[in-house]
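Try each task before reading its solution.

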Amino acid sequence: MSLLNRLGLRTDPVIFSVSVALTVLFVGASILFTAPVDALFGTVSAWIITNLGWFYILGVTTFLIFLIWICFSRYGRIRLGREGDRPEYSRLTWFAMLFAAGIGTILMFWGVAEPISHFANPPRNDVAPQSVPAAEQAMGYTLYHFGLHTWTIFCLPAVCFAYFAYRRGLPMRVSSIFHPFLGDRIHGPIGRAIDILAVLGTVFGVAVSLGLGTLQINSGLAALFGVEFSKPVQVLLITVTTALATTSVALGLDRGIKRLSDINIALAVGLLLFILATGSTLYLIRGTIEMVGVYLGWLVPLAFWNDTFGDTGWQGTWTVFYWAWTITWAPFVGIFIARISKGRTIREFVLGVLGLPTAFTVVWFSVFGLSAFDIERNGPGGLVQTVVVEGDIPGALFAFLSNFPLATAVSALSVLIVIIFFTTSADSAALVVDMLVSRDEEGTTPVRQRVFWAITSGVVAATLITATGQSGLEALSEVVTVIGLPFFAMGFLMMAALLRSLNSETVPPAVHRLPTLHVHLPRQRMPRLPRHHPR
């Protein structure tokens, strides 16, 4: 009987042990050999950005085209489960859960910071900074970064997980996606190596998000209460929020994550409506509609743009970083979305995962970004000074909120929203990582296993922020760029594996409702019989 069994754990001992060992090795090396680790990740990250940026740009656009084709092809009618299965959650709850576990923290962190950054320093030097064309360009790039392309990175593995788990009866693991190529070898060394890589990527990807959330919470507390913006405070914040995430994990999916997601989406929508109502309302309504057109107009050119002629390096520090970062936690978000999406058709799944969050994202960034431009151009200003000149990206939201009524109360609410987004990301990740290392495919593993992974993500986040010689944001970006590359390459294999399996499906026929024909025939009268006709 193995040590893990004696401890009451139900895991794959190889995946669990190797994943833990490699995580501990990274944490220890970062603490003991800070300078060499910084140099290693910095060098590899710079090489990837310089030489493989085009690969990321082309790849994510390819994923998006593939998903749109799958959605509207005959395969879109295939149900992710048995034909009689139906969705467990309503569309509203489903959206709240995938949004809160997806990019909720990102919207809070970058909602003001990215538009105002591009407004002050346009990605292309063909427009004047802080001009109307600069504002349009800033919104075009921002919506490109957080719209369809970001959710494509989540959707591709998610639909693969759901298909192979609920349609083919395979374990909810990354290795299962490669069953069409590996067969039963997914249960052997090759499959375990894939799953170990997925565990590490998920832990580090989520740790980056937790690190960004911590920086923003610290900045909010500094603005509200004068709390020092420092690494010790950030470690304390990670400790507190990890404890909250651990509590949510212990409560389970329905009582923990579901309730927190419902609460947080309501709070986020409330904050959005507050900015809309107390800001320049008519300007924001008109601008939001206009930004839909701006996004659609910039979408195709940016989907293939590689900064070939300018070669400024801008794309590497923004777009490539975003794609690499998003890819690292795509297995986590993908498995989580698959876990809550059983019973939906591929078409409903793809349209929901791509469409609903993208629509909300366009509205969110339009309201916050346009409001920031209005403050800078027609109001007291100061946002460019805070975000760009002083480099206080985590504090951008709170500098923005200081221009609205009830600034202190609304800033406090924003800190709470970030904390809950932080918590839902951590507890969702713990649930997913536990599924990756578990033998129990029904998700009924001991609570202590999920608690362990919640704590592990917090420890890695604290290490990334504190045990480096760089700023927290810089260290996070370099590590995630390196970790994301193997996952990105897997995306092309995922498309091939899914397509091979779909080709073997018996696709249910499309149901065409024929119009009901009402034929009006002339009424025929029965001939009258003679009076003396024999009956």
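**Exercise 1: a glycine in a helix**

Gly 491 is part of helix H20 (residues 472-503). The model is predicted.

Task: Decide whether Gly 491 is buried or exposed, and find which residues Gly 491 contacts beyond four places in sequence.

Solution: 
- Step 1. Take the relative accessibility of Gly 491, 4%. Buried means under 20%. Gly 491 therefore counts as buried.
- Step 2. Leave aside neighbours within four places in sequence; Gly 491 is then in contact with Phe 63 and Leu 156.
- Step 3. Check the C-alpha atoms of Gly 491 and Thr 62: they are 9.9 Å apart, though 429 residues separate the two along the chain.

**Exercise 2: a histidine and its contacts**

Task: Locate His 145 in its helix and list what His 145 touches.

Solution: 
- Step 1. His 145 sits in helix H7 (residues 132-146).
- Step 2. Its relative accessible area is 1%, so His 145 is buried.
- Step 3. Skip residues up to four places away in sequence. His 145 then touches Glu 114, His 118, Thr 150, Trp 314, Trp 318, Thr 319, Tyr 322 and Trp 323.

**Exercise 3: a helix pair**

Task: Describe how H8 and H15 pack.

Solution: 
- Step 1. Helix H8 (residues 148-167) and helix H15 (residues 346-378) pack at about 155°, and their axes are 9 Å apart.
- Step 2. Angles over 145 degrees count as roughly antiparallel. H8 and H15 are therefore roughly antiparallel.
- Step 3. Their crossing is right-handed.
- Step 4. Sort the contact residues by class: 11 are nonpolar, three are polar and none is charged.

Note on methods:
Residues numbered from 1 in each chain as written. Predicted model: local features only at pLDDT ≥ 70, side-chain atom pairs only at ≥ 80, totals over all residues. Heavy atoms only, no water. Axes fitted to C-alpha atoms, helices over the stretch in contact; angles between N-to-C directions. Helix = DSSP H or I, 4+ residues; strand = E, 2+ residues; numbered from the N terminus. Parallel < 35°, antiparallel > 145°, perpendicular 65-115°, else oblique. Left-handed = near helix turned anticlockwise from the far one by under 90°. Nonpolar A, V, L, I, M, F, W, Y, C, P; charged D, E, K, R; others polar. Buried < 20%, exposed > 50% of the residue type's maximum accessible area, 1.4 Å probe, protein only. Contact = heavy atoms within 4.5 Å.
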